[in-house]
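Dear colleague,

I am handing over the structure below, and I would be grateful if you could read it alongside the notes that follow.

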2 protein chains.
Amino acid sequence: MQTELSKKLGVEHAVFGFTPFPAVAAAITRAGGFGVLGAVRYTAPDDLARDLDWMQEHTDGLPYGLDVVMPAQKVEGVGEAEIEAMIPEGHRQFVRDTLAKHGVPELAEGEASGWRITGWMEQVARSQLDVAFGYPIKLLANALGSPPADVVRRAHDRGVLVAALAGSARHARHHAEAGIDVVVAQGYEAGGHTGEIATMVLVPEVVEAVGPLPVLAAGGIGSGEQIAAGLALGAQGVWLGSLWLTTTEAELHSRALTDKLLAAGSGDTVRSRALTGKPARQLRTEWTDAWDDPAGPGTLPMPLQGLLVAEAVSRIQKYEVKPLLGTPVGQIVGKMTAERGVQETFDELTRGFERAVDRINRIAGRDAR
Amino acid sequence: MQTELSKKLGVEHAVFGFTPFPAVAAAITRAGGFGVLGAVRYTAPDDLARDLDWMQEHTDGLPYGLDVVMPAQKVEGVGEAEIEAMIPEGHRQFVRDTLAKHGVPELAEGEASGWRITGWMEQVARSQLDVAFGYPIKLLANALGSPPADVVRRAHDRGVLVAALAGSARHARHHAEAGIDVVVAQGYEAGGHTGEIATMVLVPEVVEAVGPLPVLAAGGIGSGEQIAAGLALGAQGVWLGSLWLTTTEAELHSRALTDKLLAAGSGDTVRSRALTGKPARQLRTEWTDAWDDPAGPGTLPMPLQGLLVAEAVSRIQKYEVKPLLGTPVGQIVGKMTAERGVQETFDELTRGFERAVDRINRIAGRDAR
């Protein structure tokens, strides 16, 4: 599965796999795809360095990338404490009440919240970059808006391609003007932050808006047939995130959450502001229902919502409180019905792609070998 | 573009075009596709007979179909008057107020509302079928739920295939159990009634749920590349509705509405209950905003909402009141930027499909002719 972009990056298949887990990212790269490690959970630069060291040792010199969350606009002199102070007490009480209603235990004294919003803040993302540029990453992706100009320059100076996610053609044009190299067109059905335009419509619009810049199709892609569809729409590759959550290498550290993912149907996700303050697709739970309920206080804007719920989300995850337990995931969760290794999962993608190409050629009356 | 289903129907390309306009349906069939005439606007059986006579004369013996709206569950002894009586006065006042706010004139004395809900009622749909079975239609589609068992039998006795729209795999399985022959998997991005699952995810789910029954991909399809994507997902054909609205043969009878469609972007539609009481994608207007506004009275369930707004919609259309003027249409409206004939539109679809197949083969490293 070769495109101009996959050739440029030196990867066998134009399949980009986004994941917060180094073992998954490395396995995707070893399988012939392009593993992209999500950095948002790394608050300490040393932790990121440790995991990138591990990636280096486990990718056989094959290419991989890093995904950071960095806003293009810097808010000078505003730290976590100042932002915390902007959260209304009524919202804090709603968090306490909702947790109490479900009997969610407190964290132990002095125990840090595992899920932190700080990775979303520019100073943290920049310290991640200082670490990352010490490694031979081939692609730097930014999950939220165009990266700042100096970051783009710094990446280009090191021969690192810069990618950014877009949910609309307008958004994609903005990225192109900011000098980025690859647009990830992420449709409505995707897990995580999404707009309202479905992948089927979004990808060709973005290709037309920013061509000849390469576009990756994201959202609704979890099989070889869906990969073929994404490529038929004009993408130079596909970007998959959800599919890896139920691989055996994934480190969700929660049997209950894995079981929820395996049991969920395509209709069991919701695009909700509950997690970050911006619409992000995730498992629908009593937690998202509480935030989306018109009778409740509603969500706060980013980054307030993320700070507000950080500790609560950690507690829900730690104690595996099933009715509240969720994770960002796309509509393809309906097809994630068994735990399998990354290599097996990847092989099924390439086999499914070949089957889809065979099928399209039969329909088109082509004799293709 | 040949599949088992297209061969069975004797059509050159597995492209199904749904339209309320006989001239468009006939032109789709003549261009090598399968034209499907929407019957919901025909309240008088004679009008339908007249247009089917015209279709017969203008389709050169090539195949076409009919789309009706028929609920599987019959509500005995409930007519339009009984249903009208169920509409709250507050909702009627909201209609009057919203029209008055925009200065929408009254219809002339005795002038019938052009847009009628009665086509949605079973007795009307049955009288349409009595007419339709007198013509050599090859496919009978039902836009809302599975058709009643006796209708399926009647169609099968005449060698007519029965199709039904589905927005979920569960819905599709219900159709299969009801004995229908073709499932139209209609994704979130489609115009008209839709669910929340995007085409990219829905089509493979429905194929898996009802296979080997043939599935058509609907929603987000308005180019040859999107056709290739739909077929890659396992569909035996594609179902396009929105694209024909801006063809020169379309009889919208409203320059203002055509101009709105040509100007709209993919983000200018909304999935709203404003038109029928069930979620249907349409142009977002001040009319849909009024119904979707939490401060308003909200919509009524089907069929009450359709009856409630029928006259208002006719007045908005007749007087072309721009801020309120809309129509069901999918997210592909963003690509409908020029008026062209059906033949030219269709030829561009088949050319785009061939380009997409070429592209996929290059990516797959196939030598395909």
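**A buried helix in chain B**

Among what covers the buried residues of α11(B) is β11 (280-283) of chain B. The helix itself spans residues 255-263, and its buried residues are A256(B), L257(B), T258(B), L261(B) and L262(B). Please keep in mind throughout that this is a predicted model.

**The sheet that β11 belongs to**

In chain B, three strands make an open sheet in the order β7-β11-β10, and their pairing is antiparallel. The edges are taken by β7 (192-193) and β10 (269-272) of chain B, each of which has a single partner strand, so that one side of each is left without a neighbour in the sheet. The antiparallel strands β10(B) and β11(B) are joined by four bridges, and R271(B) is found opposite R281(B) in β11(B).

In chain A, an open sheet of three strands likewise has the order β7-β11-β10 with antiparallel pairing. Here β7 (192-193) and β10 (269-272) of chain A stand at the edges, and because each has a single partner strand, one side of each lacks a neighbour in the sheet. Between β7(A) and β11 (residues 280-283) of chain A there are two bridges, formed in the antiparallel sense, and G192(A) lies opposite R281(A) in β11(A).

**Two helices packed together in chain B**

How do helix α5 (residues 89-101) and helix α13 (residues 304-318) of chain B pack, and at what angle? Their axes are 10 Å apart and the angle is about 10 degrees; since angles under 35 degrees count as roughly parallel, α5(B) and α13(B) are therefore roughly parallel to each other. The contact brings H91(B), R92(B), V95(B) and L99(B) of α5(B) against L308(B), A312(B), R315(B) and I316(B) of α13(B), and the residues of this contact divide into five nonpolar, one polar and two charged.

**Where the two chains meet**

The contact between the chains takes 49 residues from chain B and 49 residues from chain A. Together the two chains bury about 4000 Å² between them, with 57% of it on carbon and sulfur atoms. On the chain B side, M200(B), I363(B) and R366(B) lose the most area to chain A, and together they account for 18% of what that side buries.

With best regards

Terms used:
Residues numbered from 1 in each chain as written. Chains lettered and ligands numbered in written order. Predicted model: local features only at pLDDT ≥ 70, side-chain atom pairs only at ≥ 80, totals over all residues. Heavy atoms only, no water. Buried < 20%, exposed > 50% of the residue type's maximum accessible area, 1.4 Å probe, protein only. Contact = heavy atoms within 4.5 Å. Axes fitted to C-alpha atoms, helices over the stretch in contact; angles between N-to-C directions. Parallel < 35°, antiparallel > 145°, perpendicular 65-115°, else oblique. Nonpolar A, V, L, I, M, F, W, Y, C, P; charged D, E, K, R; others polar. Pairing = 2+ DSSP bridges. Buried area = accessible area lost by both parts, 1.4 Å probe.
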